[in-house]
Amino acid sequence: MRLRSSKLELKHIILTGFMGTGKSSVGKVLAARLQLPFIDTDEIVEALSQKSIAKIFAEEGEAEFRRRESRAIAQALKKPQAVIAVGGGAPCFRNNLEKIGKGGVPILLTARISTILQRLSADRSRPLLQEADKEEKIRALLAQRAPHYHRISWQLPTDGRTPEQIAEEILRLLPLEQSALRLNLGERSYPLYFQREGLGALPGLIRRHCPSERLIVVTNQVVARLYGKTLRRHLQAAFDLRLLILPDGEQTKNLKSAAKIYEKLVAWKADRKTPLLAFGGGVIGDLAGFAAATYLRGIPFVQIPTTLLAQVDSSIGGKTGVDLPAGKNLVGAFYQPRFVLIDESFLKTLSRRQLTCGMAEVIKYAAIFDAKLFRRLEDSMEGLLERPEAGIEPIIRRCCELKAWVVERDEKETLGLRAKLNFGHTVGHAVEALTRYKKFTHGEAIAMGMVFAARFSEGKTGFSSRELDRLQSLIARAGLPTELPKFPIFQYRRALIQDKKRVSSQIHFVYLNKIGKSAVLPTSLNQVLEFLYAARS
Ligand SMILES: NC(=O)c1ccc[n+]([C@@H]2O[C@H](COP(=O)([O-])OP(=O)(O)OC[C@H]3O[C@@H](n4cnc5c(N)ncnc54)[C@H](O)[C@@H]3O)[C@@H](O)[C@H]2O)c1
C-alpha cells in the first residue's frame, strides 16, 4: 500500500495576527534564534511604493494597499527560508491565506482587546485605527476577520508574555510540527505528534489546539502512580489542572465511570471549551473520549496514549465507547481528538504481557497492509520486545500512518476498508467473551483469531501455507498464543452470534490474500463454525 509522506516540509515561518499582537517583535527574536533572515511584508510594500502605509491608505485607498500587500507576500515567499511577518488584514484578502499555507507554516498571534489597546496606546500610525472609539473599531475588525483567522490552525495567545517567551514556545513546537502526521478529516483533521519525553510540549500544544485556562485529565491509578507527578509538573503552572484518577482495568470502562466523569466535569465547572485529556491505555482513552463526546454534546478531547496498543490503534480514529454487561463497546460515539501525543518512552514501564498485547495489533497492520513492515518485524521482534523504547518509534509511526490512511477513507466503517482492521477479531472477540475478558488480553485473543483467519484464508483466497507459517511463527515469537481454547462449538456459536459485527447469518470476515494484502468477504457463520469444528478435531 502506498502512502503519502507524513513529513511536513518546513519552509518559511509566517507570523500574522491583528495589530499589536507582536508579529514584528516575536519575528525578530525568532529569526535571530533560528539564524534566519526576518522579512516584514509591510516594509516591502513601503519600499516598493516609496511611501508609508498610512500615506498609501490616505492617497490610494485600502484596495490598492491590499493589491500591493499581496504582491509583497508573493515576493517574500519566493526568497530562501525566512521568518516572515505578514500584516493582520492580509489573511482576509485575495488568496493570501492559501499562498501563506503553501509557502510555510503560518502562525496566528492573538491577544485580548484590552492588551491590543494597551500595546497600541501610543501608536498613531495605524490607518485603520484613526477613530475616536478604538475599542469598538478593534472589536468590529476582529469580528470581520474571525472567519479567516479560524482557518489558521496554529494560534498563539500573546497576552502577558514577552516576545522571547513566545518565540521559545514556537521553537519548542516547530520540530513537533515538522514530524507530525496529520489525519485529514476536513474540519475535524488533527495531528499526531511523536515526541520522546514529550510531556514538556503539552502546555504549548494545548494552548495551540484547545486554548483554555482549565484542563481536566482522566487517568487511572497505575498511570497516575508512574507518571502523575511528571504530568503535574508540566501542566500545573500553565493551567487550573484537575486530575480524575479511576481504578485500573477494563471493568472501569462502563457507564458508571462515564457518569463519574460527568459529575466531576460539572463540579469543576467545565464549559464547552474545557479540554478533557485522556492519559492512559485504551480503556481510559475510550472512556474519556466517550465522556468528552457526550458532555455538553462535545468538549475538546486530547489523547496521550501510554500503552503500545493505544499508541498504534485505539487513540487514533475517533472510536470511543464503554462496555455494557451484555458486551464490550456496545455504547459509543465517533469523536475525534484535537491532537494525539505519542511518546514511546512510556512503554519502558509497560509489562511484557501488555507490550505483546500491543504487538499483536502491530502484526495485524503488517499482515493486512504492509509486507515490508512484516519483514521488519521478522528481523527485529526479540529486540523490540526487549527494549521497546530503543527502536519502536518508526514502527509505531508506520502503524499510525496505516490507521490514519484507513480512517481518512472510511471514518465510520461503512465502505469495508476500516473493517479490515478487524482481522482476527471475529473469533478473537468470541474467545474474549467466552473467557469473560479475564484469561486473555485483547492482543492474545486476536493473535489466536489471526492464526485462525489465516488458516481459513488458505482454502478461500489461496493464502499460501508458507506465508501461514511466517505469520504463525511471528506471532509465537512475540510471545502470543496461536491455538484457540477448546470450548464446545455451541459456545463459539453463541459468542459469534452475540458479537455486534454480525449482520444476519452472514458476517464480514477479514481474509488474507498474502502477507500485506487482505479482503473483507461476506461469509456465513456456519462456514466459520464448520472450519472451527474441523480445525479442532
Ligand atoms: N477505540 C479503538 O479504536 C480501540 C481499538 C482497540 C482497542 N480498544 C480498547 O482498548 C482497550 C485496551 O487497551 P489497552 O490494552 O491499552 O488496555 P488498558 O488501558 O487497560 O492498559 C493495559 C494495562 O496497562 C497499564 N498501563 C497503561 N500505561 C502504562 C504504562 N505506561 N506503564 C505501565 N502500565 C501501563 C494499565 O493501567 C492497564 O493495567 C480495550 O477496552 C479495547 O476495547 C479501542
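## A loop residue with positive phi

Glu413 is found in the loop that links helix H17 (393-409) to helix H18 (425-434). Helices (H or I, at least four residues) and strands (E, at least two) are DSSP runs, numbered from the N terminus. This is a predicted model, in which local features need pLDDT of at least 70, side-chain atom pairs count only at pLDDT 80 or more, and totals for chains, interfaces and linings use all residues. Residues are numbered from 1 along each chain as its sequence is written, and side-chain values use heavy atoms, with hydrogens and water left out.

The phi angle of Glu413 is near 60 degrees, a positive value in a residue other than glycine. Most residues other than glycine have a negative phi. Glu413 counts as partly exposed because its relative accessibility is 24%; buried means under 20% relative accessible area, exposed over 50%, and partly exposed in between (1.4 Å probe, protein chains only).

Tyr437 lies in the loop between H18 and helix H19 (442-461). Its phi is near 60 degrees, again positive in a residue other than glycine. Tyr437 has 34% relative accessibility and therefore counts as partly exposed.

## Strand E8 and its partners

Strand E8 (residues 214-220) is mostly covered, with 6 of its 7 residues buried. E8 pairs in the parallel sense with strand E9 (residues 240-246) over 7 bridges, where two strands pair if DSSP finds at least two bridges between them. Thr219 stands opposite Ile245 in E9.

E8 also pairs in the parallel sense with strand E10 (residues 276-280), over 4 bridges. Leu276 in E10 is the bridge partner of Ile216.
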